Amino acid sequence: MSAIEGLYTHFAHPRRPIGSLAGMIMAHRGHNIRRGRWAIDRLAPTAGARVLELGYGPGVTLGEVCRRTPDIEVTGVDISPVMLRQAARRNRALLRSGRLDLRLGDATRLDPELRGFDLVYGINVWQYWSDPDVVIQDLVGRLRPGGRLALVYMRPPGCRLTHGQAATRLADQFNAALLTHITTEWMPQRPTAVLVSGVSDH
């Protein structure tokens, strides 16, 4: 593993003091903020929706989802205690209001009661799942009829998977999970990101 790849692992799973630094960088890096806003614009959750974000990191995107949409209920799950602390500090008022629920957990092994969502989304989490087909099948089962699953991929340093390859794999996995209305959208700004989404009819 190169030094750059080793450093990047702290962005994928922030831990120890360097993980805290990674979280601060993610929270203030311009293209991270733009990518999160672009994804929210595309997904546009409606008032009263129940939303699950996988891998919320420092909590910037899920906080913005709550602030943009009235009466929305957002649950966030992240594997990193460091990110839980940062996201909680950043979104104190939303936590007190009950509109936001932050949890420590693994997207590949979610709590059984986490279901009945109108929207489940994750930004730069899919590529770290060892068996994405199984995880996607599980996530689809947590959607309400008509609910939407959306995953965003931005190529991380040292990763050979191109955005085009990721888009194709995601669309195939969504199709295998029996999602319908599968769409692929490309972020116009650089660095490029791709968002693939699909709807559950079950």
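These legends describe an overall view and several close-up views of a predicted model.

The model is predicted, so local features need pLDDT of at least 70 and side-chain atom pairs count only at pLDDT 80 or more, while totals for chains, interfaces and linings use all residues. Residues are numbered from 1 along each chain as its sequence is written, and side-chain values use heavy atoms, with hydrogens and water left out.

**Figure 1. Overall view of the protein.**
The protein holds eight helices and seven strands. These elements are DSSP runs numbered from the N terminus: helices are H or I runs of at least four residues, and strands are E runs of at least two. The protein has 202 residues, of which 48% count as buried. Buried means under 20% relative accessible area, exposed means over 50%, and partly exposed lies in between (1.4 Å probe, protein chains only). Accessible areas come from the Shrake-Rupley method with a 1.4 Å probe; for residues, only the protein chains shown count as cover. Among contacts with a separation of 6 or more, 68% are between residues 24 or more positions apart. A contact here means heavy atoms within 4.5 Å.

**Figure 2. The positive patch on the surface.**
Five residues are shown here, R85, R89, R90, R92 and R96, which gather in a patch of positive charge on the surface. Patches are made of residues with over 30% relative accessible area and no salt bridge; like charges are joined within 9 Å, and nonpolar side chains (Val, Leu, Ile, Met, Phe, Trp, Tyr) within 5 Å. Lys and Arg count as positive and Asp and Glu as negative, whereas His and the chain ends are not counted. The place of a charge is taken as NZ of Lys, CZ of Arg, CG of Asp or CD of Glu. Helices α5 (81–90) and α6 (92–97) each supply at least two residues of the patch. The helix that gives the most is α5, with three residues. R90 is found in α5 and counts as partly exposed because its relative accessibility is 35%.

Side chains of opposite charge can pair when their charged atoms come close. A salt bridge is a side-chain nitrogen of Lys or Arg within 4 Å of a carboxyl oxygen of Asp or Glu, and the whole structure has 12 of them. In this view R37 forms a salt bridge with E64, with the closest N and O atoms 3.4 Å apart. R37 lies in helix α3 (residues 30–43) and E64 in helix α4 (residues 60–68), so the pair ties together parts that are 27 residues apart in sequence. R37 is partly exposed, at 43% relative accessible area, whereas E64 is buried, at 18%.

**Figure 3. Salt bridges of R103.**
R103 forms a salt bridge with D101, where the closest N and O atoms are 2.9 Å apart. The side chain of R103 also meets that of D111 in a salt bridge, at 3.2 Å from N to O. R103 is partly exposed, with 22% relative accessible area. D101 is partly exposed at 28%, and D111 is partly exposed at 36%. Elsewhere, salt bridges that share partners join R37, D41, E64 and R68 into one network.

Most residues other than glycine have a negative phi, and most peptide bonds are trans. L178 is not a glycine, yet has a positive phi of about 70°. L178 lies in the loop between α8 (163–176) and β6 (180–186) and is exposed, with a relative accessible area of 53%. H181, also not a glycine, has a positive phi of about 50°. The place of H181 is in strand β6, and H181 is exposed, with a relative accessible area of 63%.

S130 lies in the loop between β4 (117–123) and α7 (132–140). At 78% relative accessibility, S130 counts as exposed. S130 and T108 are 22 residues apart in sequence, with their C-alpha atoms 8.8 Å apart in space.

**Figure 4. The segment after β7.**
D201 lies in the segment that follows β7 (194–199). With 48% relative accessibility, D201 counts as partly exposed. From C-alpha to C-alpha, D201 and T180 are 7.2 Å apart in space, and 21 residues separate their positions in sequence.
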